[in-house]
Amino acid sequence: MHLPSLVTGKRYTLPQPLGSADALLLASLGQREKIAGKLTAIVTSDAATAQRLMDEMAFFAPDLRCALFPDWETLPYDAFSPHQDLISERLATLWRIQQRNKDTGADVVIVPATTALYRLAPPSFLAGYTFEFKVKQKLDEAKLKGQLTLAGYSHVTQVVSPGEYAVRGGLIDLFPMGSLVPYRVDLFDDEIDSIRTFDPDSQRSLYPVPEVRLLPGREFPMDNDARAKFRNRWRELLEGDPTKSRIYKDMGNGVATAGIEYYLPLFF
């Protein structure tokens, strides 16, 4: 089947290919756009189709860097937040989109149609709340704890899930959002002596790595300016007495209410 050249503002309709032929067709499209230096976005009818294309395109084009942008898997304005693993995967995909000209980037992004309907944080948010450090670098432990808290990470006694950190003497355990494994940072005074991955189940250190990148712990900011903007926009856009809203009051107290993700546009 011939693939037409994509032109902004023009729509093309092709017959539905049989079986896995759609994955082969889209893999060819992704490779062609990659050569042209462009990022390809594929919008699917549902999450199952997105996952299928992700798996099958990897077979047809192993060198094509595909990324899946998953759904929150919650209903709009539910009283609970998406699972941390989903938030972690979403943030990792957004980061890869920004890094597409580097080895860690993505050539194709696959997203279900329902997921594509929701607003996202601007690229400046991810860039402003992402930081990294390397072995032998100076590290202020108190400053790091402040950065982690501001970025939305939870201080726990034992790290087992993305978005958590723990401090025990000269050891700092971190599970960065977007990472498949947690890291253990060993400090010698105020210098990073080593960084190792570790098993969250056994808590045993595994292999050394040269650096760690930390993405934000949430898809929205929770600093004073962001919370003030949220409350101002709430009063501007929503009717009624805001002081009777639990979400509004929690935001004033610095608490991210469960389900706050659906109010993301009020932060920006």
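Which residue stands opposite Thr197 in β9? Keep that one in mind; the tour gets there after a look at the overall layout. One thing before you start clicking: this is a predicted model.

**Stop 1: the domains.** Colour the chain by its three parts: domain 1 (20-120), domain 2 (130-214) and domain 3 (224-266).

**Stop 2: the interface.** Stay between domain 1 and domain 2, where about 600 Å² is buried and carbon and sulfur atoms give 62% of that area. On the domain 1 side, select Gln84, Ser88 and Trp95: they lose the most area to domain 2, together 69% of what their side buries. If you go looking for salt bridges between the two domains, the count is 0. What you can find across this interface is polar contact, in 2 residue pairs.

**Stop 3: both ends of α6.** Move to helix α6 (residues 141-150) and show the side chain of Asp140 at its start, where a side-chain oxygen reaches to within 3.1 Å of the backbone nitrogen of Ala142. Then go past the other end: Gly152 follows α6 and has a positive phi, near 100°.

**Stop 4: the sheet.** Switch to cartoon view and trace the open sheet of 6 strands, in the order β5-β6-β7-β8-β9-β10, with mixed pairing. β5 (154-155) and β10 (205-208) each have a single partner strand, so they stand at the edges with one side left without a neighbour in the sheet.

**Stop 5: β8 and β9.** Select residues 183-188 for β8 and 191-198 for β9; these strands pair in the antiparallel sense over 6 bridges. Here is the reply to the opening question: Tyr183 stands opposite Thr197. Further along the pair, Phe188 has Glu191 of β9 as its bridge partner. The hairpin has 2 residues between the strands, and in it Asp189 takes a positive phi near 65°.

**Stop 6: β9 to β10.** Follow the chain onward from β9 to β10, again an antiparallel pairing, here over 2 bridges. Show Arg196 and you will find its bridge partner, Pro208, in β10. This hairpin has 6 residues between the strands, and Gln203 takes a positive phi near 65°.

Key. Residues are numbered from 1 along each chain as its sequence is written. This is a predicted model: local features need pLDDT of at least 70, side-chain atom pairs count only at pLDDT 80 or more; totals for chains, interfaces and linings use all residues. Side-chain values use heavy atoms; hydrogens and water are left out. Domain bounds come from an automatic or database domain assignment. Buried area is the accessible area (1.4 Å probe) that two parts lose on being put together, summed over both. A salt bridge is a side-chain nitrogen of Lys or Arg within 4 Å of a carboxyl oxygen of Asp or Glu. A polar contact is a pair of N or O atoms within 3.5 Å; within protein, one must be able to donate a hydrogen and the other to accept it, and residues adjacent in sequence count only if both atoms are side-chain atoms. Helices (H or I, at least four residues) and strands (E, at least two) are DSSP runs, numbered from the N terminus. Two strands pair if DSSP finds at least two bridges between them.
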